Amino acid sequence: MQLPIDPQFIAAQNEAWRRHVRNDYEHLGEQLARRGIDIAHITPQVAAFGVAIPSWGVGTGGTRFARFPGLGEPRDVFDKLQDCAVIHQRGHATPTVSLHIPWDRCSDYAELRGQAQAYGLGFDAMNSNTFSDQPGAPLSYKFGSLTHTDAAVRAQAVAHNLECIEIGRALGSQALTVWIGDGSNFPGQQHFRRAFDRYLESTRQIAAALPPDWRMFLEHKICEPAFYSTVIQDWGSSYLAATALGPQVQCLVDLGHHAPSVNIELIVARLIAAGKLAGFHFNDSKYGDDDLDAGSVSPYRLFLVFNELVAAAHEHVAGFAPAYMLDQSHNVTDPIESLIDSAEQVQRTYAQALLVDRAALDEAQQANDALGATRLLKAAFQTDVTPILQFVRMEAGAAVAPVAAYRASGYRARMAQQRPARSGGGGGIV
Ligand code: RM4
Ligand code: MN
Ligand code: MN
């Protein structure tokens, strides 16, 4: 294993914590035992939990208005991979990376795969990009891609997705996430039904090219960049398409892609029941955005999503295997710190959801004990599971206090010297 930060450094950082972590873990174990929960049953599940890092998340994000680049930003996919290795080495909750093509194109995918292996990383879903024009591409996506009125544009967008599958195969990925920016800005601009039919026609060609062990994730989004209508605007359209396209195609839920007050956990439950839950892009939002750090605004909402996921696993729902990915834009933080912290937040929420007393919840629901039921959820959510997270990291040789250890390592300052500064430029998602 070739790690970007000397493991001895992390071990030395952990030394001051070792005794406290053990004491806190034992104490929490006693508390949970009084509630009938065996901590030894919870810990391995938390240790096995992983959420993929979006390669586009390690660079500083931006808005439509401006981008304020940070120091030492990754220059190419190899730099991004190295940053992902730093994140995983600290937090031990992010064993995979999700790539975006063409942003992550490189000349040698075997080398990229080898480098990932050397870091102990794998590749999660590939992401295609037909929401912006690619250098040298003959046709523009200004008025859409997979649903464009012009068959030649649609063919170009389909071909791009097939290329993403090929790259993914070379890297050992097993899924393709398709999010399109297609939609309209004016009432009347687009024939809604025909646009959806064209979507089906295009995605059917992509689905037909999936290797048998691959899945295709359809990602819906209520708006942006199109602000009047989008073709795959909600889980209903996504579900219709995934159903028409067959068993390898499922619906991906990006938490930020809904109207502000939508009950996302209920959508998740419906998709699980239909066998169509592909997985998640985790992030958080206050209004209609999809950019804030996971769990930073509404941790209870995230918990309620995980409550559905843990319940499905507990009930052994057939075919239940969601993919977990982060998808957020770090505009004002060091992206590495945000990603370490967000991954911990997601892992923490999973651990909390594991603490729900499922048998008691079943009983309360059956007896229509509304307050009793909701208190069971709160009891789990309000448990501080930090000792479990710290214990898991310590045992894995990761950092007990990952953000602090990252700051102490001076990694960003080193990268600022090695990687030349990039100019701010205009707005933009990446
Ligand atoms: C979109 C969507 C996609 C992501 C792009 C960058 O809003 O969330 O998943 O690939 O942003
Ligand atoms: Mn997304
Ligand atoms: Mn998004």
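**Close-up views of a predicted model**

Asp-362 is partly exposed, with 48% relative accessible area.

View 1. Asp-362 itself sits in helix α12, which covers residues 358-366.

**View 2. His-257 and Asp-290 hold a manganese ion.** Here we zoom in on ligand 3, a manganese ion coordinated by NE2 of His-257 and OD of Asp-290 at 2.0 to 2.2 Å. His-257 comes from the loop between β10 (249-254) and α9 (264-273), and Asp-290 from the loop between β11 (277-282) and α10 (299-314), so this pair ties together parts that are 33 residues apart in sequence. Both His-257 and Asp-290 are buried. There's another manganese ion in the picture, too: ligand 2, with 3.8 Å between it and ligand 3.

**View 3. A cis bond leads from Ile-101 into Pro-102.** Omega is near 15 degrees for this peptide bond. Look for Pro-102 in the loop between β3 (100-101) and α5 (109-119).

View 4. With 29% relative accessibility, Glu-224 counts as partly exposed. For context, most residues other than glycine have a negative phi, and most peptide bonds are trans.

**View 5. His-92 has a positive phi.** The angle is near 55 degrees, and the residue is in the loop between α4 (77-91) and β2 (96-98). His-92 is partly exposed, at 29% relative accessibility.

Key
Residues are numbered from 1 along each chain as its sequence is written. Chains are lettered from A and ligands numbered from 1 in the order in which they are written. This is a predicted model: local features need pLDDT of at least 70, side-chain atom pairs count only at pLDDT 80 or more; totals for chains, interfaces and linings use all residues. Side-chain values use heavy atoms; hydrogens and water are left out. Helices (H or I, at least four residues) and strands (E, at least two) are DSSP runs, numbered from the N terminus. Buried means under 20% relative accessible area, exposed over 50%, partly exposed in between (1.4 Å probe, protein chains only). Donors are N, O and S atoms within 2.8 Å of the metal (3.2 Å for Na, K and Ca); water is not among the atoms, so sites may look incomplete.
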